[in-house]
Amino acid sequence: MNPFDDLALVEEEMAKCMKCGNCQAVCPLYKETLREAAVARGKVQLAYAYLKGELPATHSLAGKLLFCLTCMACVANCPSGVRVDMVVLAARAAMVREKGLPWVKKVIFQGLKRPWLFDTALKTGRRFQSLALRYRPEIQRCNPRFPIGLELRRVLPPLARKTLREEFPEVMQPVKARARAAFFTGCLENYIYTDTGRAVVNVLLANDVEVIIPRDQHCCGIPTLVHGDVPTAREMAASNLQIFQRYNFDYLVVACATCGEAWKHFYPQLLEHSPQGAAARVMAARARDINELLVQLDYRRPAAGLPLKVTYHDPCHLVRGQGISKEPRQILRSIPGLEFREMKNADRCCGNAGSFSLTNYDMSMQVQAHKVAAIKATGVDTVVTSCPACRMQLEDGLAQAGLSPRVLHVVQVLEQAYEKTGVGSRMSEVG
C-alpha cells in the first residue's frame with residue numbers, strides 16, 4: 001500500500017506539523033486570500049480531521065483540498081519537513097474512494113485513459129478550432145469566441161496543424177550516436193507546442209544522441225492522480241511503462257516538469273506493489289529532464305552569439321519536484337551574446353498548476369500577476385522556462401498585461417544558438 005491507497009499512511013506526516021505558520025510566508029494562495037484553509041497547516045488539519053472521522057467527505061471539504069497549487073513551496077520551507085503535497089493528494093484520493101468522482105471528471109478521465117479517443121478528439125479539434133477560437137495574428141495566439149468552459153479573456157495557443165509524433169519518424173539517428181534517448185513528448189508538446197518538441201529532437205541530434213519517439217505513448221496521467229482518481233492514474237502509468245519497455249535506450253528524456261516528476265517519482269509509487277514495480281524503478285533511474293541530460297552529456301557549446309536578454313522562470317515540479325535549477329541557467333549562460341537577468345522570486349509558482357487554472361482562473365491570474373511584475377522589472381525580451389504548462393500561463397499573463405516578451409523553452413533558445421553556429425542535425429532517418 002502507499003499513501004494514494006490509504007490516507008492513514010501519511011498520518012505521521014500530519015503529526016509532524018507544528019502549526020508554526022511558516023507556510024503562510026510562502027503559500028501563493030494564502031498571500032491572495034489570507035484564509036487558513038488555503039495554507040498548508042490548514043489543509044493538514046482538514047485532512048487529519050477527515051482521517052479521524054471528525055469531518056465528513058463533503059463537497060465543501062473536497063473544494064478546500066482541491067484549492068492547492070501543489071507547488072511544494074510549503075514543503076521546501078517547512079522546518080519539520082512535512083510532505084504537505086503527499087498529504088493533500090492522499091486526502092483527495094481517499095475522498096474519491098468514498099464519494100466517487102463528479103460525472104464531468106469521469107467523462108474527461110475516461111477519454112484521457114483511451115489514447116485513441118483522446119488523439120482523435122484533439123485531431124478533430126484542430127480542424128474546427130477556428131469555430132471556437134478567435135485567432136489574433138499580432139500575438140499569434142487565440143481567445144475563446146464563446147464561454148466554453150474557458151474565460152473569454154484567456155489567451156491560448158492554437159492546436160498545431162500536425163502533431164509532433166506525426167512530424168517525425170519513430171527513430172532518428174545522428175551519424176555516430178554516443179547515446180540513445182527515448183523522448184516522452186507529453187500532451188502539450190505533441191499537440192500544441194510542437195516547436196519545443198522539435199527543438200528537443202534537433203538539439204539531441206546535434207549532440208550525437210539517437211532519438212526514439214514511441215508512437216503509442218500517451219498522457220502521463222498526472223491530471224487524474226491530482227484529482228484523486230488513483231486507479232486511472234495507475235492504469236495510465238502501467239500502460240506508458242509497458243510501451244517504453246519495448247525499446248532499447250539509455251535515457252528517457254522529458255521536456256515537461258510534470259511529466260518528468262511522473263516518471264521519476266509518481267510511477268514508482270503507483271506501481272510499487274504491482275508486477276511492474278521493479279521496472280518502474282529502473283525507468284525512473286533512466287528518466288532525465290532535457291536540461292539535466294544535456295549537462296550530464298556535456299552538451300556542445302554554441303560558438304555564435306545570440307543577442308537576447310532573457311530571464312528564467314523555475315517550474316515548481318522541476319525546481320522543487322526534481323531539484324533542477326542550476327542546469328537550465330548553465331545552458332543559458334553558455335550561449336555567447338545572451339544576457340541573463342535573474343528575476344525576483346524566479347521559483348515562485350506561476351499559478352497554472354494544470355487544471356487549477358481552469359477551475360480557479362481568477363485566482364490563478366492573481367498569482368500570475370506577481371510573476372508578470374517580476375518579468376517586467378527585468379526589462380528582457382525573452383522569458384525562458386522548462387515546462388509547456390508554465391509557458392502557456394506566462395503567455396496568457398504577459399499578453400493580458402500588454403507586454404511583448406516571447407516565452408520559450410530553454411532547449412528552443414539552445415536550438416536557435418546552434419542554428420546560428422551552423423551545427424547540423426547529423427540526422428539520417430530510420431522508419
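Analyst: Helices (H or I, at least four residues) and strands (E, at least two) are DSSP runs, numbered from the N terminus. The expected span of a helix is 1.5 Å times one less than its number of residues. This is a predicted model, where local features need pLDDT of at least 70 and side-chain atom pairs count only at pLDDT 80 or more, while totals for chains, interfaces and linings use all residues. Residues are numbered from 1 along each chain as its sequence is written, and side-chain values use heavy atoms, with hydrogens and water left out.

User: OK, helix 20 then. How does the distance between its end C-alpha atoms fit the span it should have?

Analyst: The two agree: helix 20 covers residues 361-378, so its 18 residues at 1.5 Å each should span 26 Å, and the end C-alpha atoms are 26 Å apart.

User: Where is the kink in helix 20 centred?

Analyst: On Gln368, with a kink of about 25°. The bend at a residue is the angle between axes fitted to the seven residues ending there and the seven starting there.

User: And which residues of helix 20 are buried?

Analyst: Among them are Tyr361, Met363, Met365, Val367, Gln368, Lys371 and Ile375. Buried means under 20% relative accessible area, exposed is over 50%, and partly exposed is in between (1.4 Å probe, protein chains only).

User: What do those buried residues pack against?

Analyst: Helix 2 (28-33), strand 8 (309-312), helix 19 (356-359), strand 10 (382-385) and helix 21 (388-400). Contact here means heavy atoms within 4.5 Å.

User: Switching to helix 14. What's its kink like?

Analyst: About 45°, centred on Trp263. The 14 residues of helix 14 (257-270) should span 20 Å at 1.5 Å a residue, and the end C-alpha atoms are 18 Å apart, which agrees.

User: How many of its residues are buried?

Analyst: 11 of the 14, so helix 14 is mostly covered.

User: At what angle do helix 13 and helix 14 pack?

Analyst: About 110°, with the axes of helix 13 (residues 230-244) and helix 14 9 Å apart. Axes are lines fitted to C-alpha atoms, for helices over the stretch in contact, and angles run from 0 to 180 degrees between N-to-C directions. Helix 13 and helix 14 are therefore roughly perpendicular. For the cut-offs, under 35 degrees is roughly parallel, over 145 roughly antiparallel, 65 to 115 roughly perpendicular and the rest oblique.

User: What about helix 4 and helix 6, what angle there?

Analyst: About 150°, with axes 10 Å apart, for helix 4 (residues 59-66) and helix 6 (residues 84-99). That makes the pair roughly antiparallel. Leu61, Ala62, Leu65 and Leu66 in helix 4 meet Val88, Ala91, Arg92 and Met95 in helix 6.

User: Single residues now. Is Thr185 buried or exposed?

Analyst: Thr185 is at 1% relative accessibility, so it counts as buried. Thr185 is in the loop between strand 4 (179-184) and helix 10 (188-191). Leaving aside neighbours within four places in sequence, Thr185 contacts Leu164, Arg165, Asn190, Ile213 and Gln217.

User: And which residues does Ala399 touch?

Analyst: Ile139 and Val155, not counting residues up to four places away in sequence. Ala399 lies in helix 21 and, at 22% relative accessibility, counts as partly exposed.
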